Amino acid sequence: MFGLEALDLARMQFAFTISFHILFPAITIGLASYLAVLEGLWLKTHNDTYRDLYHFWSKIFAVNFGMGVVSGLVMAYQFGTNWSRFSDFAGSVTGPLLTYEVLTAFFLEAGFLGVMLFGWNKVGRNLHFFATVMVAIGTLISTFWILASNSWMQTPQGYEIVNGQVIPVDWLAVIFNPSFPYRLMHMATAAFVATAFFVGSSAAWHLLRGKDNPAIRTMLSMAMWMALIVAPIQAVIGDFHGLNTLEHQPAKIAAIEGHWENHGDEPTPLILFGWPDMKAEKTKFAVEIPYLGSLILTHSLDKQVPALKEFPPEDRPNSTIVFWSFRIMVGLGFLMIFTGLWSLWLRKRDKLYTSRPFLYLALWMGPSGLIAILAGWFTTEIGRQPWVVYGLMRTADASSNHSFMQMSITLIMFVVVYFALFGAGLGYMMRLVRKGPKIDEGKETNEGGPGQKRTPARPLSAADDNGDSDNSPSLTKEI
C-alpha cells in the first residue's frame, strides 16, 4: 500500500512513538533544574515569589514526568518487538547502557520525587531542597546514559564482533564514543532552551491578558535571561557538533547541505534553500552563497565538503528530509537568539513586560524549542540511514519478521491511543499553565481546616474542573 513495506511501517511506528516521548523528557530536564534554582533562590532570599513559582511549576513537572515515564516504557519494548535483530546484534551494548540509566537515574528520580512533590510541609527545608536537586541531577544522568547509547549507534567504538554479535571490549570507549560529548551537550542545552521558551510563553500569555504580578514578571525575566545566554551557546555547540559529524558521518553532512558534487577545486557553496531530488541527484531551485559552505563546515575558504555522489546510492541518507529538518532547527535557533536580544533591549528601556509585540513573539515562540528538538532529532536519525548502527548494521537487517498487516494494525493503534492519552495529558497540563501561579500557594501556615480553602499539593488536584475562573481563551488555542 502506497509503496510501503513492513520495514517502512516499523520505522514510522518508532519515529511516531519517539517523537511523542522526546518532548516530555526535554521539558522534564529543563523544569527539574528550573525548580532547583527556584527553591535555592527562595532559601537564599526568602522572596516568596520564588516559592510560589516553585509550587506552580512543580505541578506541571509532575504531570509531564508521568507522561514521560509511560511513553518511555513503550520505547523500550519496541526494541524487542519490532527490532529484535538489532537487539540480538547490539543488545550487549545498548542493554547494559539502558540498564545503567534505570539503576542510576530513574531510581534516583523515583526515590526523591515523592519528597519533592509531597514533602513541602513534612520535611525540613534543606532536605526538601536536597530532594529537588537530586531529581534534577537524576534527569541529567538519564540524559547521559540515553545519549551514550544512541551516540554509540552513530559512532560505534570499543567493540568486537564475535559470531555476528557486538561484544564490548572497552566500556569507556563505548560510552565516550566520538560523537557522545557533542550530542550530550547539544541535547541537554536544547532541553534548557525549550523549557525557557515554554516558561516565557506562559508568562507572556498572562501578561497579554492583564495578569501582571511579581511571579509572572519573574517567570518572563528568568526565561529571557536563559534565552539570551544559552541560545547563542547552543549555536556554538551545534557548530562543534557539525564538525564532529563531518569527520565521522560525512554522508549525513552532504545530505544536510543538499550537496551533490564538487567541481574541480572550487570551495563548497552554502545552499540556503532548494529541493534535493534523490532520483535526479541534484538540488533543484538552489539558492547558493559561494564559499560559505566551506567556511561554516571546514572553517576555511578553500577546503571542500564531501558530496553525495561520492557515496554509493544505497549508502545515501534521504537529503530531501534532512535538508529541510535541519533548516527548520537552525531557523528556529536564530529566532531564539533574536528573541533573547530583543528582550535585553526592552529590559534596558523598562518595557520588557509591557511591549505587546514582544509579548506576542514570546507567546508564539513557546513551542519553538520542542519543534527544534524534533527537527534536530529527525536530522540526526534520518541522516544516519541506511544504518541502524553506523557502518555495522543496516536498518533493513535490524527489524523483526513482522507482516505488513501486523505493522499496519499496531501503527494505527499507537496513533489512536497516543493522541487520546497524551492529548488529554497535554490538555490538562495546559490548563495548569493557564491558571498561573497563585500567591502564597505554598505558605507553610496554610493548614486548611473546616471552612478554609487551601491549594492541594497533589498535581492532579491542581486544576479546577471548569478550568480558569475567567473566560479567557485557552493557551492551547493561542499556541
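The dialogue below reads helix packing, strand pairing, backbone geometry and a pocket in a predicted model.

Me: How is the packing of two helices described, and what are the values for α3 and α4?

Reply: Two packed helices are described by the angle between their axes and by the distance between those axes. For helix α3 (residues 84-118) and helix α4 (residues 125-154), the angle is about 170° and the axes lie 7 Å apart. Angles over 145 degrees count as roughly antiparallel, so α3 and α4 are roughly antiparallel to each other. Their contact holds 23 nonpolar, eight polar and two charged residues.

Me: At what angle do α2 and α7 cross?

Reply: The axes of α2 (residues 48-81) and α7 cross at roughly 75° and come within 9 Å. The range for roughly perpendicular is 65 to 115 degrees, and α2 and α7 are therefore roughly perpendicular to each other.

Me: Which residues of α2 and α7 meet?

Reply: On the α2 side they are Thr49, Tyr50, Leu53, Phe56 and Trp57. Pro214, Ala215, Thr218, Met219 and Met222 are their counterparts in α7.

Me: In what sense do β1 and β2 pair, and over how many bridges?

Reply: Strand β1 (residues 159-162) and strand β2 (residues 165-168) are paired in the antiparallel sense, over four bridges. Tyrosine 159 is placed opposite proline 168 in β2. The two strands form a hairpin with two residues between them, and asparagine 163 in this hairpin has a positive phi near 55°.

Me: How many bridges join β3 and β4?

Reply: β3 and strand β4 (residues 282-289) pair over six bridges, in the antiparallel sense.

Me: Where is histidine 46, and what is its phi?

Reply: Histidine 46 lies in the loop between α1 (6-45) and α2. Its phi is positive, about 60°, although histidine 46 is not a glycine.

Me: Which residues does the cis peptide bond join?

Reply: The bond joins glutamine 385 and proline 386, with omega about 10°. Proline 386 belongs to the loop between α12 and β5 (387-389).

Me: How much space lies in the second largest pocket, and which residues are closest to its centre?

Reply: The second largest pocket contains about 1,300 Å³ of space. It is lined by 49 residues, and those closest to its centre are His186, Gly238, Phe326, Met329 and Val330.

Me: Which elements supply the lining of the second largest pocket, and how does it divide by class?

Reply: At least two lining residues come from each of α6 (180-208), α7 (214-248), α8 (250-257), β3 (270-277), α9 (292-298), α10 (319-348) and α12 (368-384). By class, the lining has 27 nonpolar, 17 polar and five charged residues.

Terms used: Residues are numbered from 1 along each chain as its sequence is written. This is a predicted model: local features need pLDDT of at least 70, side-chain atom pairs count only at pLDDT 80 or more; totals for chains, interfaces and linings use all residues. Side-chain values use heavy atoms; hydrogens and water are left out. On a 1 Å grid over the protein atoms alone, a cavity is a set of points where a 1.4 Å probe fits but cannot get out, and a pocket is an open set with protein on both sides within 12 Å along at least five of seven lines; lining residues have an atom within 4 Å of a point. Grid points are joined across faces, edges and corners, and a volume is the space filled by probe spheres set on the points. Ala, Val, Leu, Ile, Met, Phe, Trp, Tyr, Cys and Pro count as nonpolar, Asp, Glu, Lys and Arg as charged, and the others, Gly among them, as polar. Axes are lines fitted to C-alpha atoms, for helices over the stretch in contact, and angles run from 0 to 180 degrees between N-to-C directions. Angles under 35 degrees count as roughly parallel, over 145 as roughly antiparallel, 65 to 115 as roughly perpendicular and the rest as oblique. Contact means heavy atoms within 4.5 Å. Two strands pair if DSSP finds at least two bridges between them.
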